[in-house]
Amino acid sequence: MGQTGESLKEDLVAYWPLNEVQGTRTPDLQNGFDFELRNMDANDLIEDGQRGRAMRFTASRKTHLVRTHADGDDLPAAQHQSYTVSLWVRADSSGQDDLRIFSEGSNMDQFPLWTLGTRDGVSDDNSVDFFYRRSGETGVPHVTTTAQPLDGADWRHIVYVQTFKDDGSDSATRQLYVDGVLDDLVIPDTDEGHSIDLNITSIAAVVRSSDVAHLTGDIDEVAIWKRALLDTEITELMNNGIPPLDVLEDPHEINSFTAEFNKVNVGDQIELSWDGTKDGSFSISPGVGDVTGDTEFGVGSRIVTINETTEFTL
């Protein structure tokens, strides 16, 4: 795989530095799988991240990040037989039992779920809790690390690694690393090497048909691979981070275009809102024209007056 640092680019699915806000999103630098901000904005960025800026989450405001994946996406991670999830976290588990740092779930079925979070039912334990549940497969109700990283004092590196066993069993091993060290935590092997019934990834909460289990704390440098990282790569990742990636060119697309109201009286005003390619140019017809100046990172709005029945096109 070549030099260790460069090998971290291989089979990298997503990398969210969590150091900037672009409209209502924070970008994935690898494949454009941007997270949506929920109850958050640029004021939730902090300057003392693990690498540059990071994001601060506040349970009382239900702040979290979420992405609902489309068919054909390389996310969620659990669809792969082998995969790795890495992040930095600085959170105090005191008074925060059974809350989530990282989660993958489904908005179609409330049952399947896997998460990393604070210990279930115990608010003065600083371990990392692993939880897994899937229909037709033996679940892992709650198991916790022997390491105690969630004391809120320092940034701590958490890495989950699932490794497919090429022995005909169609199962996989599951391991957790804390600060580059394989934890003594024993997670039972999967019955099957992948889970195809998930479609949502979230940070600092569980998101399915609704959002719950919000965490208060700081999170930085979230990344996912569709392979199991080697021990040497985990050490390199912890010490030096992900090497510079090729510049990602956004596809020219419009994610949404909505009007504030469906029906208004002649002479009334409505707000048109849109979300599209962050570096694109935008125009609305008829009668509005170029609205690029009203757009920041692909997200914008314009108030217009309605004089007749009109179908607007972005």
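**Ground rules.** I am working with a predicted model, where local features need pLDDT of at least 70 and side-chain atom pairs count only at pLDDT 80 or more, while totals for chains, interfaces and linings use all residues. Residues are numbered from 1 along each chain as its sequence is written, and side-chain values use heavy atoms, with hydrogens and water left out.

**Entry 1: the open sheet.** I looked up strands (DSSP runs of E, at least two residues, numbered from the N terminus). Two of them pair if DSSP finds at least two bridges between them. How many strands form the open sheet? I found 8, in the order β2-β3-β6-β15-β8-β9-β10-β11, with antiparallel pairing. I then checked the edges: β2 (25-26) and β11 (140-144) each have a single partner strand, so one side of each is left without a neighbour in the sheet.

Inside this order I picked out β8 (residues 100-105) and β9 (residues 113-118), which are antiparallel and joined by 4 bridges. Here Ser103 sits opposite Thr115 of β9. A reminder to myself: side chains in a regular strand alternate between the two faces of the sheet.

Entry 2: Which strand does β19 (residues 254-259) join through 5 bridges? My answer is β20 (residues 269-276), and the two run antiparallel. Ile254 has Gly276 in β20 as its bridge partner. I also saw β20 pair with β24 (residues 299-305), again antiparallel, over 7 bridges.

**Entry 3: β1.** Is β1 (residues 12-16) largely enclosed or left open? I noted that 5 of its 5 residues are buried (under 20% relative accessible area, with a 1.4 Å probe and protein chains only), so β1 is largely enclosed by the rest of the structure. Its antiparallel link to β18 (residues 217-225) has 4 bridges, and Ala14 stands opposite Ile224 in β18.

**Entry 4: the second largest pocket.** A pocket is an open set of points on a 1 Å grid over the protein atoms alone, where a 1.4 Å probe fits, with protein on both sides within 12 Å along at least five of seven lines; lining residues have an atom within 4 Å of a point. I read off about 270 Å³ of space for the second largest pocket. Of its 18 lining residues, Asn262, Val264, Ile270, Ile306 and Thr310 are the closest to its centre. The elements giving two or more residues to the lining are β19 and β20, and β19 has the largest share, with 3 residues.

Notes. Buried < 20%, exposed > 50% of the residue type's maximum accessible area, 1.4 Å probe, protein only. Points joined across faces, edges and corners; volume = space filled by probe spheres on them.
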